[in-house]
Amino acid sequence: MCDNFNMKVFCERLNELRTDRDISMSELARQTGVPQQSISRWESGEGSPSVESVIKFAKHFNVSADFLLGLKDDYY
């Protein structure tokens with residue numbers, strides 16, 4: 001479960017972006033080079049991603065890092 005507010009928003013948005021695009025965790029891992037285990041942990045609210053991982057996801061999904069982290073509500 002996501003406890004920290006910023007990480008709660010991150011894990012919810014990462015999961016939403018991934019599932020809305022019908023991408024499995026293993027496929028997202030392959031496409032971004034981020035380990036599937038890490039993606040699974042973050043989506044379940046365990047731990048926090050590195051800045052580099054946030055940037056990879058932002059670029060991959062064509063959204064801003066601010067959106068992923070809950071600092072903005074629009075994608076860009």
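**Helix packing and an aromatic cluster in a predicted model**

Biologist: Helix α2 (residues 25-32) packs against helix α4 (residues 51-61) at an angle of about 100°, with the axes 11 Å apart; why are α2 and α4 called roughly perpendicular?

Modeller: Angles of 65 to 115 degrees count as roughly perpendicular, whereas those under 35 count as roughly parallel, those over 145 as roughly antiparallel and the rest as oblique. The angle here is about 100°, and α2 and α4 are therefore roughly perpendicular to each other. Axes are lines fitted to C-alpha atoms, for helices over the stretch in contact, with angles running from 0 to 180 degrees between N-to-C directions, and the helices themselves are DSSP runs (H or I, at least four residues), numbered from the N terminus. This is a predicted model, in which local features need pLDDT of at least 70 and side-chain atom pairs count only at pLDDT 80 or more, while totals for chains, interfaces and linings use all residues. Residues are numbered from 1 along each chain as its sequence is written, and side-chain values use heavy atoms, with hydrogens and water left out.

Biologist: What makes Asp22 count as exposed?

Modeller: Exposed means over 50% relative accessible area, buried under 20%, and partly exposed in between (1.4 Å probe, protein chains only). Asp22, which is found in the loop between α1 (5-20) and α2, has 70% relative accessibility and so counts as exposed.

Biologist: How do you know that the buried residues of α2 line one face of the helix?

Modeller: In α2, the residues Leu28, Ala29 and Thr32 are buried. Seen down the axis of α2, these buried residues fall within an arc of 100°, so they line one face; the arc is that of the directions from the helix axis to the C-beta atoms.

Biologist: Why is the pair of Trp42 and Phe57 called edge-to-face?

Modeller: Trp42 and Phe57 have 85° between their planes, at 6.1 Å centre to centre, and planes over 60 degrees apart count as edge-to-face. Ring pairs link Phe10, Trp42 and Phe57 into a cluster.

Conventions
Helices (H or I, at least four residues) and strands (E, at least two) are DSSP runs, numbered from the N terminus. Rings of Phe, Tyr and Trp (its six-membered ring) pair if their centres lie within 6.5 Å; planes under 30 degrees apart count as stacked, over 60 as edge-to-face and the rest as tilted.
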